[in-house]
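Subject: Handover of a structure and summary of findings

Dear colleague,

Please find below the structure that I am handing over to you.

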Amino acid sequence: MEEIQSQSDNYRSSSSSASSPTSRVPSSNFFYLRKPGSLRQPISFEDSPEWEDTDIDVRVEEGGDCINVAATPVSPSLSKLNSGSLPSPPLPENAVVARKIAGASVVWKDLTVTIKNKRKYSDKVVKSSSGYVLPGTMTVIMGPAKSGKSTLLRAIAGRLHHSAKMYGEVFVNGTKSHLPYGSYGFVERETTLIGSLTVREYLYYSALLQLPGFFCQKKGVVEDAIHAMSLSDYANKLIGGPCYTKGLPNGERRRVRIARELVMRPHILFIDEPLYHLDSVSALLMMVTLKKLASTGCTLIFTIYQSSTEVFGLFDQICLLSNGNTLFFGETLACLQHFSNAGFPCPIMQSPSDHFLRAINTDFDRIIAMCKNWQDDHGDFSSVNMDTAVAIHTLEATYKSSADVVAVETMILKLTEKEGPYLKSKGKASSATRIAVLTWRSLLIISREWKYYWLRLILCMLLTLCIGTVFSGLGHSLSSVVTRVAAIFTFISFTSLLGIAGVPSLRREIKIYASEESNKHSGALVFLLGQLLSSIPFLFLISISSSLVFYFLIGLRDEFSLLMYFVLNFFICLLVNEGLMLLVTALWQHVFSSVLTLVLMHVVMMLSAGYFRIRNALPGPVWTYPISYIAFHTYSIQGLLENEYLGTSFAVGEVRTISGIQALRSAYDISSDSNSKWENLLVLFLMAIAYRILVLIVLYFHVGKNESTPKFFQCNQDTSNPR
């Protein structure tokens with residue numbers, strides 16, 4: 001501790017001398033790697049623009065729906081952005097003026113989040129954080145990687161992972177309560193978009209899933225969201241995806257994700273990394289758009305890793321984290337003053353966010369170790385004398401003893417001493433409406449995405465044509481029975497195996513479901529029924545086209561009823577296979593692992609289907625029970641052979657005949673019961689239902705479990721020692 005204090009005093013002494021306008025000398029203890037010849041002088045706050053501390057008068061009106069802020073503190077900007085000199089993106093002609101939104105105040109007090117580790121809640125990701133957000137302002141949670149930014153954001157929004165536990169209190173408009181449906185929006189860092197839809201279509205279907213009422217009433221909400229996120233020029237363009245060579249740029253895709261949450265007109269908007277994978281121009285446009293959104297009254301809270309000087313000037317408040325510790329909370333430029341007071345003044349011509357992260361990011365210690373002995377012609381490239389651990393400790397200690405903490409506590413007390421208006425839950429679309437919307441949307445996707453659907457149909461037709469031509473011209477003699485069995489086995493097995501090509505599309509549908517379910521836009525049963533109803537026309541098209549080609553090339557019995565049974569049997573077989581693929585994809589959640597698992601399962605089912613060895617002759621413990629009974633190939637092939645050979649006979653010599661069942665005994669085991677083919681069809685139908693039920697369970701407990709659920713915790717115990 002004495003060493004830390006002595007090094008901190010050295011920093012403060014160098015800072016005080018550097019901040020004097022008559023003695024602007026570089027700080028000898030805090031160097032930055034810069035280009036040769038560049039200045040390494042700290043900012044003198046005497047040259048910074050002056051600002052006045054504005055007292056905030058918060059009034060809660062009885063019967064109102066928002067907290068009125070009489071005077072919102074406007075942080076002085078390092079650029080001209082905050083002063084309004086930077087023009088906002090122009091609205092198109094006849095644009096609708098953005099509606100005013102009744103924001104809400106959010107307060108978190110002594111918030112501690114721990115992650116479950118080996119049966120004990122031991123790892124504190126966020127440690128005793130406190131802060132507040134006012135309506136119409138933008139508050140950013142900033143810090144290096146793994147500093148607890150996203151965890152704190154999720155804790156405030158009530159969307160922590162099931163393995164996390166929260167201690168402390170969260171107030172919304174002065175009330176301890178969870179955020180009801182529709183009162184807030186949460187934008188994930190990565191949200192799966194539907195590339196085959198235009199921006200307007202995507203937002204329209206999202207509105208249909210979220211909002212109650214008639215379809216025509218949703219158009220105005222969608223247009224408001226498009227204008228709010230400055231997406232008018234892209235409204236009729238495809239979002240783009242794997243099936244398309246071109247799509248929206250990353251910046252516009254991020255704004256589409258935010259617009260999806262705006263259709264509910266939320267009071268509070270949480271955004272995780274809005275500048276993720278954006279260049280400097282897209283990042284600036286994104287923040288200017290969000291600034292305009294905040295000016296309508298919406299409360300904005302988001303996380304950010306790093307920003308440019310222009311973007312930094314747009315923030316109203318900043319919460320700086322490092323290793324779960326709150327190093328500062330307050331106005332953005334007051335954070336610069338805080339760093340200067342702690343002995344870390346920001347050098348000239350350096351971005352404030354770069355300066356903050358340079359001081360508190362422990363990853364720089366590795367660079368220090370590599371560069372400590374490096375020299376060049378332009379100066380010493382050794383790092384600072386104080387490592388980041390000491391810097392973090394100094395900044396934290398300075399913040400806890402500063403007037404900024406007192407100001408935060410005073411504001412928290414003012415915002416929580418009287419309960420404000422309770423945020424009401426907004427109505428949801430009915431389950432029937434959501435099923436219809438998901439079905440229609442999936443049908444539209446199928447009609448547009450040739451790579452996942454129509455190419456699969458073409459490949460299935462080509463495979464059927466190959467099998468049919470190889471086994472064509474068999475005739476109806478006794479010698480053709482074994483070959484026809486091989487043809488039917490090959491057709492069922494290979495077409496089912498080819499269906500694995502649909503795994504990427506199923507994986508994408510599950511990702512879309514997970515994204516929509518996390519915000520309560522959908523549900524497991526709703527998604528499952530919508531996916532089933534939309535897949536039926538496509539699978540039926542595959543079944544009837546392939547069946548007709550195979551049936552007549554092979555030369556099966558020319559009866560309409562037998563042909564219809566063949567089509568129905570193959571269609572239900574495809575339904576079972578689709579359910580199996582959906583189940584495996586939902587379990588693994590990785591395309592490669594799902595494909596490998598499905599290929600292995602299909603090969604095992606093909607081996608036990610009774611073609612390579614008659615079912616009764618298979619080894620009992622594993623291959624007969626249970627594999628041959630859970631292989632859908634067995635029931636499909638058996639039903640098709642019974643459909644073809646029941647009631648038939650073959651001449652053996654000139655006087656003796658044998659039945660079709662007897663002719664098949666050496667090639668395949670089927671029943672002589674006339675109703676057995678319908679029993680096999682019933683088994684296939686029950687298997688299709690069983691797989692869907694298993695998928696429903698997996699979606700509810702496995703996929704949904706990986707997504708956070710709204711949950712708030714209150715704890716009266718000491719948050720410094722959670723148990």
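Is Gly 324 buried or exposed? Gly 324 is buried, because its relative accessible area is 0%; buried stands for under 20% relative accessible area, exposed for over 50%, and partly exposed for what lies in between, with a 1.4 Å probe and protein chains only.

Before the remaining findings, a note on the basis of the values. This is a predicted model, in which local features need pLDDT of at least 70 and side-chain atom pairs count only at pLDDT 80 or more, while totals for chains, interfaces and linings use all residues. Residues are numbered from 1 along each chain as its sequence is written, and side-chain values use heavy atoms, with hydrogens and water left out.

The chain as a whole

The secondary structure comes to 23 helices and 15 strands; helices (H or I, at least four residues) and strands (E, at least two) are DSSP runs, numbered from the N terminus. The chain has 723 residues, of which 54% count as buried. When contacts (heavy atoms within 4.5 Å) are taken between residues at least 6 apart in sequence, 76% of them join residues at least 24 apart. The chain exposes about 32,100 Å², and carbon and sulfur atoms supply 58% of that area; accessible areas come from the Shrake-Rupley method with a 1.4 Å probe, and for residues only the protein chains shown count as cover.

The surroundings of Gly 324

Gly 324 belongs to the loop between strand 10 (317–322) and strand 11 (325–331). Its C-alpha atom is separated by 4.1 Å from that of Val 126, although the two residues are 198 residues apart along the chain. With neighbours within four places in sequence left aside, Gly 324 is in contact with Val 125, Val 126, Lys 127 and Ser 147.

Helix 8 (residues 332–341) is mostly covered, with eight of its ten residues buried. Among the buried residues of helix 8 are Leu 333, Cys 335, His 338 and Phe 339. Just after helix 8, Gly 343 takes a positive phi of about 100°.

Helix 15 (residues 480–498) has 19 residues and should span 27 Å at 1.5 Å a residue, which agrees with the 27 Å between its end C-alpha atoms; the expected span is 1.5 Å times one less than the number of residues. Helix 15 is also mostly covered, as 14 of its 19 residues are buried.

Arg 507 has its place in helix 16 (residues 503–518). Arg 507 is buried, with a relative accessible area of 14%. Leaving aside neighbours within four places in sequence, Arg 507 is in contact with Thr 585, Gln 589, His 590 and Val 591.

Salt bridges

How many salt bridges does the structure hold? The structure holds 14 salt bridges, each being a side-chain nitrogen of Lys or Arg within 4 Å of a carboxyl oxygen of Asp or Glu.

Glu 516 and Arg 441 meet through their side chains in a salt bridge (2.8 Å, N to O). Because Glu 516 lies in helix 16 and Arg 441 in helix 13, the pair ties together parts that are 75 residues apart in sequence. Glu 516 counts as buried at 4% relative accessibility, and Arg 441 is buried at 5%.

Arg 448 forms a salt bridge with Glu 201, with the closest N and O atoms 2.8 Å apart. This pair links distant parts of the chain, since Arg 448 is in helix 13 (residues 431–448) and Glu 201 in helix 3 (residues 199–210), 247 residues apart. Arg 448 counts as partly exposed at 30% relative accessibility, and Glu 201 is partly exposed at 22%.

Arg 154, Arg 159 and Glu 188 are linked in a network of salt bridges.

Cysteines and a surface patch

A search of the whole structure finds zero disulfides, a disulfide being a pair of cysteine sulfur atoms within 2.5 Å. Cys 460 counts as buried at 5% relative accessibility, whereas Cys 466 counts as partly exposed at 46%.

A nonpolar surface patch of about 900 Å² is made by residues including Leu 682, Phe 685, Ile 689 and Phe 701. Patches are made of residues with over 30% relative accessible area and no salt bridge, where like charges are joined within 9 Å and nonpolar side chains (Val, Leu, Ile, Met, Phe, Trp, Tyr) within 5 Å. Phe 685 has its place in helix 23 (residues 676–703) and counts as partly exposed at 44% relative accessibility.

Yours sincerely
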